[in-house]
Amino acid sequence: MGSAGLLLVLLLLAGALARIPGSEGGKETPAHFLHQWKSECHFFNGTQRVRFLDRDFYDRQEIDYYDSDLGKYVAVTPLGQPYVDYLNSDKAIMEYKKAQVDRFCRYNYEALQGGPVIGRRAKPTVSISPTKLDPTSPNTILLCIVRGFYPVEIEVRWLKNGQPEKEGVAFGEELQNGDWTYQLHVMLETQPQRGDVYTCQVEHASLEAPITIQWEPRSSNSAKSKLWTGIVAAVIGVIFFAMGLSLYLKSKKAIPIQPPAALMN
(Lines give C-alpha, C1' and ligand atoms only; values in the text may rest on other atoms or scores of the structure.)
Protein backbone atom coordinates (compact mmCIF):
# COMPACT_ATOMS: atom_id res chain seq x y z
CA MET A 1 0.00 0.00 0.00
CA GLY A 2 1.40 3.38 -1.00
CA SER A 3 1.79 6.33 1.32
CA ALA A 4 -1.33 7.98 -0.13
CA GLY A 5 -3.41 4.86 0.52
CA LEU A 6 -2.05 4.52 4.05
CA LEU A 7 -2.79 8.17 4.73
CA LEU A 8 -6.36 7.68 3.53
CA VAL A 9 -6.88 4.68 5.81
CA LEU A 10 -5.56 6.61 8.79
CA LEU A 11 -7.81 9.53 7.99
CA LEU A 12 -10.84 7.26 7.69
CA LEU A 13 -10.07 5.55 10.99
CA ALA A 14 -9.58 8.88 12.68
CA GLY A 15 -12.88 10.09 11.27
CA ALA A 16 -14.63 6.93 12.43
CA LEU A 17 -13.33 7.35 15.97
CA ALA A 18 -14.28 11.01 15.97
CA ARG A 19 -17.87 10.05 15.23
CA ILE A 20 -18.29 7.31 17.82
CA PRO A 21 -20.59 8.60 20.58
CA GLY A 22 -18.69 8.84 23.82
CA SER A 23 -15.26 9.42 22.24
CA GLU A 24 -15.52 13.18 22.39
CA GLY A 25 -14.19 15.12 25.34
CA GLY A 26 -12.46 12.13 26.94
CA LYS A 27 -15.72 10.23 27.49
CA GLU A 28 -15.54 6.46 27.61
CA THR A 29 -16.25 4.68 24.31
CA PRO A 30 -19.21 2.24 24.44
CA ALA A 31 -18.20 -1.38 24.93
CA HIS A 32 -19.99 -2.53 21.77
CA PHE A 33 -20.50 -0.63 18.53
CA LEU A 34 -20.45 -1.36 14.81
CA HIS A 35 -18.85 0.82 12.17
CA GLN A 36 -18.55 -0.43 8.59
CA TRP A 37 -18.17 0.64 4.96
CA LYS A 38 -19.94 -0.84 2.00
CA SER A 39 -18.68 -0.21 -1.53
CA GLU A 40 -21.02 -0.71 -4.48
CA CYS A 41 -20.50 -0.65 -8.25
CA HIS A 42 -23.56 -0.09 -10.46
CA PHE A 43 -23.02 -0.96 -14.13
CA PHE A 44 -25.20 0.28 -16.96
CA ASN A 45 -24.80 -1.33 -20.39
CA GLY A 46 -21.64 -3.15 -19.36
CA THR A 47 -19.01 -0.63 -18.33
CA GLN A 48 -20.29 2.15 -20.57
CA ARG A 49 -21.63 3.94 -17.50
CA VAL A 50 -20.49 3.10 -13.98
CA ARG A 51 -21.67 4.52 -10.67
CA PHE A 52 -19.53 4.00 -7.56
CA LEU A 53 -21.04 4.29 -4.08
CA ASP A 54 -19.01 4.14 -0.87
CA ARG A 55 -21.51 3.92 1.99
CA ASP A 56 -20.72 4.51 5.67
CA PHE A 57 -22.72 2.86 8.48
CA TYR A 58 -22.69 3.24 12.25
CA ASP A 59 -24.75 0.74 14.28
CA ARG A 60 -26.67 -0.39 11.15
CA GLN A 61 -27.65 3.16 10.18
CA GLU A 62 -26.21 4.83 7.10
CA ILE A 63 -24.72 8.17 8.07
CA ASP A 64 -22.99 9.28 4.85
CA TYR A 65 -21.89 8.05 1.43
CA TYR A 66 -19.70 8.96 -1.53
CA ASP A 67 -21.46 9.10 -4.92
CA SER A 68 -19.30 9.19 -8.06
CA ASP A 69 -22.21 10.64 -10.05
CA LEU A 70 -22.14 13.65 -7.71
CA GLY A 71 -18.38 13.61 -7.21
CA LYS A 72 -18.64 14.17 -3.46
CA TYR A 73 -19.74 12.82 -0.10
CA VAL A 74 -23.32 13.30 1.08
CA ALA A 75 -24.46 13.30 4.72
CA VAL A 76 -27.50 11.14 5.51
CA THR A 77 -27.69 12.04 9.21
CA PRO A 78 -26.34 14.97 11.28
CA LEU A 79 -23.75 12.58 12.72
CA GLY A 80 -22.04 12.33 9.34
CA GLN A 81 -22.12 16.02 8.38
CA PRO A 82 -18.78 17.10 10.00
CA TYR A 83 -16.96 14.15 8.41
CA VAL A 84 -18.55 14.87 5.02
CA ASP A 85 -17.51 18.52 5.17
CA TYR A 86 -13.96 17.48 5.99
CA LEU A 87 -13.67 14.89 3.19
CA ASN A 88 -15.23 17.10 0.53
CA SER A 89 -12.71 19.83 1.31
CA ASP A 90 -9.70 17.53 0.72
CA LYS A 91 -8.75 17.47 -2.98
CA ALA A 92 -6.46 14.45 -2.61
CA ILE A 93 -9.24 12.33 -1.11
CA MET A 94 -11.69 13.47 -3.79
CA GLU A 95 -9.26 12.51 -6.56
CA TYR A 96 -8.72 9.12 -4.94
CA LYS A 97 -12.46 8.41 -4.67
CA LYS A 98 -13.05 9.57 -8.25
CA ALA A 99 -10.41 7.10 -9.49
CA GLN A 100 -12.28 4.22 -7.80
CA VAL A 101 -14.71 4.10 -10.73
CA ASP A 102 -11.89 2.77 -12.93
CA ARG A 103 -9.50 1.30 -10.36
CA PHE A 104 -12.14 -0.64 -8.38
CA CYS A 105 -15.34 -0.99 -10.45
CA ARG A 106 -14.21 -1.31 -14.05
CA TYR A 107 -11.13 -3.33 -13.09
CA ASN A 108 -13.14 -5.93 -11.17
CA TYR A 109 -15.79 -6.05 -13.88
CA GLU A 110 -13.17 -7.06 -16.41
CA ALA A 111 -11.65 -9.56 -13.97
CA LEU A 112 -15.04 -11.20 -13.36
CA GLN A 113 -16.15 -11.13 -17.00
CA GLY A 114 -17.23 -14.63 -17.96
CA GLY A 115 -17.18 -15.78 -14.35
CA PRO A 116 -20.06 -16.85 -12.08
CA VAL A 117 -21.47 -13.32 -11.74
CA ILE A 118 -20.90 -11.18 -14.82
CA GLY A 119 -22.97 -12.40 -17.74
CA ARG A 120 -24.65 -15.13 -15.68
CA ARG A 121 -28.22 -16.05 -16.66
CA ALA A 122 -30.71 -18.29 -14.87
CA LYS A 123 -34.10 -19.00 -16.43
CA PRO A 124 -37.19 -18.59 -14.24
CA THR A 125 -39.88 -21.17 -13.60
CA VAL A 126 -43.46 -19.87 -13.50
CA SER A 127 -46.60 -21.24 -11.82
CA ILE A 128 -50.08 -19.95 -10.93
CA SER A 129 -51.71 -20.65 -7.59
CA PRO A 130 -55.43 -19.73 -7.14
CA THR A 131 -56.97 -19.26 -3.68
CA LYS A 132 -59.97 -17.72 -1.94
CA LEU A 133 -59.43 -15.65 1.18
CA ASP A 134 -63.18 -15.52 1.84
CA PRO A 135 -65.32 -18.51 0.72
CA THR A 136 -68.42 -16.28 0.55
CA SER A 137 -66.73 -13.66 -1.68
CA PRO A 138 -66.88 -13.87 -5.49
CA ASN A 139 -63.25 -12.67 -5.63
CA THR A 140 -60.40 -15.07 -6.31
CA ILE A 141 -56.71 -14.42 -5.62
CA LEU A 142 -54.42 -15.56 -8.42
CA LEU A 143 -50.75 -15.70 -7.44
CA CYS A 144 -48.11 -15.82 -10.17
CA ILE A 145 -44.96 -17.33 -8.63
CA VAL A 146 -41.69 -16.76 -10.51
CA ARG A 147 -38.68 -18.64 -9.13
CA GLY A 148 -34.98 -19.18 -9.79
CA PHE A 149 -34.13 -16.25 -12.07
CA TYR A 150 -30.94 -14.18 -12.40
CA PRO A 151 -30.24 -11.27 -12.88
CA VAL A 152 -32.84 -9.60 -10.70
CA GLU A 153 -34.39 -7.42 -13.42
CA ILE A 154 -37.62 -9.07 -14.58
CA GLU A 155 -41.02 -8.06 -15.98
CA VAL A 156 -44.24 -9.86 -14.98
CA ARG A 157 -47.69 -9.07 -16.40
CA TRP A 158 -51.20 -10.34 -15.79
CA LEU A 159 -53.49 -10.68 -18.84
CA LYS A 160 -57.21 -11.38 -18.92
CA ASN A 161 -58.50 -12.76 -22.23
CA GLY A 162 -55.35 -11.41 -23.88
CA GLN A 163 -55.67 -7.88 -22.45
CA PRO A 164 -53.36 -6.44 -19.75
CA GLU A 165 -54.86 -6.31 -16.26
CA LYS A 166 -53.93 -3.35 -14.05
CA GLU A 167 -56.71 -3.24 -11.46
CA GLY A 168 -56.20 -5.55 -8.51
CA VAL A 169 -52.53 -6.28 -9.29
CA ALA A 170 -49.97 -6.20 -6.46
CA PHE A 171 -46.23 -6.85 -6.73
CA GLY A 172 -44.14 -8.36 -3.97
CA GLU A 173 -40.43 -7.71 -3.47
CA GLU A 174 -37.74 -9.73 -5.20
CA LEU A 175 -36.54 -12.27 -2.65
CA GLN A 176 -33.05 -13.77 -2.65
CA ASN A 177 -32.90 -17.55 -2.64
CA GLY A 178 -29.33 -17.71 -1.35
CA ASP A 179 -27.97 -19.32 -4.53
CA TRP A 180 -27.58 -16.18 -6.68
CA THR A 181 -31.19 -16.48 -7.85
CA TYR A 182 -34.38 -14.63 -6.98
CA GLN A 183 -38.11 -15.21 -6.71
CA LEU A 184 -41.06 -12.87 -7.16
CA HIS A 185 -44.78 -13.12 -6.37
CA VAL A 186 -47.33 -11.06 -8.33
CA MET A 187 -50.96 -11.16 -7.13
CA LEU A 188 -54.16 -10.52 -9.06
CA GLU A 189 -57.51 -10.16 -7.27
CA THR A 190 -60.38 -10.72 -9.70
CA GLN A 191 -63.90 -12.14 -10.20
CA PRO A 192 -63.42 -14.91 -12.75
CA GLN A 193 -66.31 -15.86 -15.00
CA ARG A 194 -66.78 -19.09 -16.89
CA GLY A 195 -64.87 -18.83 -20.17
CA ASP A 196 -62.29 -16.28 -18.94
CA VAL A 197 -58.62 -17.05 -19.56
CA TYR A 198 -55.98 -15.51 -17.26
CA THR A 199 -52.32 -15.43 -18.30
CA CYS A 200 -49.15 -14.69 -16.34
CA GLN A 201 -46.51 -13.43 -18.77
CA VAL A 202 -42.84 -13.25 -17.79
CA GLU A 203 -40.01 -11.52 -19.67
CA HIS A 204 -36.38 -11.92 -18.60
CA ALA A 205 -32.88 -11.53 -20.02
CA SER A 206 -32.38 -15.30 -19.88
CA LEU A 207 -35.37 -15.98 -22.15
CA GLU A 208 -35.49 -15.85 -25.94
CA ALA A 209 -39.27 -15.48 -25.78
CA PRO A 210 -41.65 -14.64 -22.88
CA ILE A 211 -43.01 -17.44 -20.70
CA THR A 212 -46.83 -17.55 -20.58
CA ILE A 213 -48.81 -19.67 -18.12
CA GLN A 214 -52.62 -19.78 -18.35
CA TRP A 215 -55.38 -20.41 -15.82
CA GLU A 216 -59.12 -20.86 -16.43
CA PRO A 217 -61.86 -20.87 -13.77
CA ARG A 218 -63.62 -24.16 -13.15
CA SER A 219 -67.21 -24.71 -12.09
CA SER A 220 -67.78 -24.47 -8.36
CA ASN A 221 -69.11 -27.40 -6.30
CA SER A 222 -72.56 -25.82 -6.01
CA ALA A 223 -72.73 -25.27 -9.77
CA LYS A 224 -71.69 -28.88 -10.38
CA SER A 225 -74.31 -30.07 -7.89
CA LYS A 226 -77.05 -28.10 -9.62
CA LEU A 227 -75.92 -29.44 -12.98
CA TRP A 228 -76.07 -33.07 -11.83
CA THR A 229 -79.42 -32.48 -10.13
CA GLY A 230 -80.83 -31.20 -13.42
CA ILE A 231 -79.42 -34.15 -15.34
CA VAL A 232 -80.85 -36.69 -12.85
CA ALA A 233 -84.27 -34.97 -12.91
CA ALA A 234 -84.29 -35.03 -16.70
CA VAL A 235 -83.42 -38.74 -16.76
CA ILE A 236 -86.15 -39.57 -14.21
CA GLY A 237 -88.64 -37.54 -16.25
CA VAL A 238 -87.78 -39.49 -19.40
CA ILE A 239 -88.15 -42.79 -17.52
CA PHE A 240 -91.59 -41.87 -16.16
CA PHE A 241 -92.69 -40.64 -19.56
CA ALA A 242 -91.59 -43.92 -21.15
CA MET A 243 -93.37 -45.94 -18.46
CA GLY A 244 -96.57 -43.91 -18.90
CA LEU A 245 -96.44 -44.30 -22.66
CA SER A 246 -95.89 -48.04 -22.34
CA LEU A 247 -98.89 -48.46 -19.98
CA TYR A 248 -101.05 -46.38 -22.27
CA LEU A 249 -100.18 -48.50 -25.29
CA LYS A 250 -100.84 -51.70 -23.34
CA SER A 251 -104.25 -50.44 -22.23
CA LYS A 252 -105.15 -49.63 -25.82
CA LYS A 253 -104.37 -53.21 -26.83
CA ALA A 254 -106.54 -54.65 -24.02
CA ILE A 255 -109.83 -52.93 -25.15
CA PRO A 256 -112.04 -55.55 -27.09
CA ILE A 257 -113.18 -54.62 -30.56
CA GLN A 258 -116.99 -54.43 -30.80
CA PRO A 259 -118.59 -55.77 -34.08
CA PRO A 260 -120.95 -53.48 -36.01
CA ALA A 261 -124.67 -53.56 -34.92
CA ALA A 262 -125.94 -54.72 -38.37
CA LEU A 263 -123.91 -57.90 -38.20
CA MET A 264 -125.28 -58.77 -34.79
CA ASN A 265 -128.94 -58.82 -36.15
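1. Glycine 168 is found in the loop that lies between β8 (163-164) and β9 (169-171). In this predicted model, the relative accessibility of glycine 168 is 37%, so the residue counts as partly exposed; the buried class would require a value under 20%, and the exposed class one over 50%.

2. Leaving aside neighbours within four places in sequence, glycine 168 is in contact with Met187, Leu188 and Glu189. Threonine 190 may be considered alongside these residues: the C-alpha atoms of glycine 168 and threonine 190 are 6.8 Å apart in space, while 22 residues separate the two in sequence.

3. β12 and β13 run antiparallel and are joined by five bridges. Within this pairing, tyrosine 198 has tryptophan 215, in β13, as its bridge partner.

4. Serine 206 is located in the loop between β12 (198-204) and β13 (211-215). Is serine 206 buried or exposed? Its relative accessibility is 10%, and serine 206 therefore counts as buried, the limit for that class being under 20%.

5. Which polar atoms lie close enough to the side chain of serine 206 to be listed as partners? One partner is the side chain of histidine 204, joined to the side chain of serine 206 by a polar contact of 2.7 Å. Another is the backbone oxygen of alanine 122, which lies 3.4 Å from a polar atom of the serine 206 side chain.

6. The largest nonpolar core has 19 residues. Those with the most contacts inside this core are Cys144, Val146, Val156, Trp158, Cys200 and Val202. Two or more residues are contributed by each of β5 (125-131), β6 (140-149), β7 (154-160), β11 (182-190) and β12. Apart from this core lies another, of eleven residues, including Val50, Tyr73, Val84 and Cys105. In soluble globular proteins, nonpolar side chains tend to be buried together.

7. Valine 156 illustrates the packing in the 19-residue core. With neighbours within four places in sequence left aside, valine 156 is in contact with Cys144, Val146, Phe171, Leu184, Val186, Cys200, Gln201 and Val202. Of these partners, Cys144, Val146, Cys200 and Val202 are themselves among the residues with the most contacts inside the core.

Methods. Residues numbered from 1 in each chain as written. Predicted model: local features only at pLDDT ≥ 70, side-chain atom pairs only at ≥ 80, totals over all residues. Heavy atoms only, no water. Helix = DSSP H or I, 4+ residues; strand = E, 2+ residues; numbered from the N terminus. Buried < 20%, exposed > 50% of the residue type's maximum accessible area, 1.4 Å probe, protein only. Polar contact = N/O pair within 3.5 Å; in protein donor to acceptor, adjacent residues only side chain to side chain. Contact = heavy atoms within 4.5 Å. Core = buried A, V, L, I, M, F, W, Y, C linked by side-chain atoms within 4.5 Å. Pairing = 2+ DSSP bridges.
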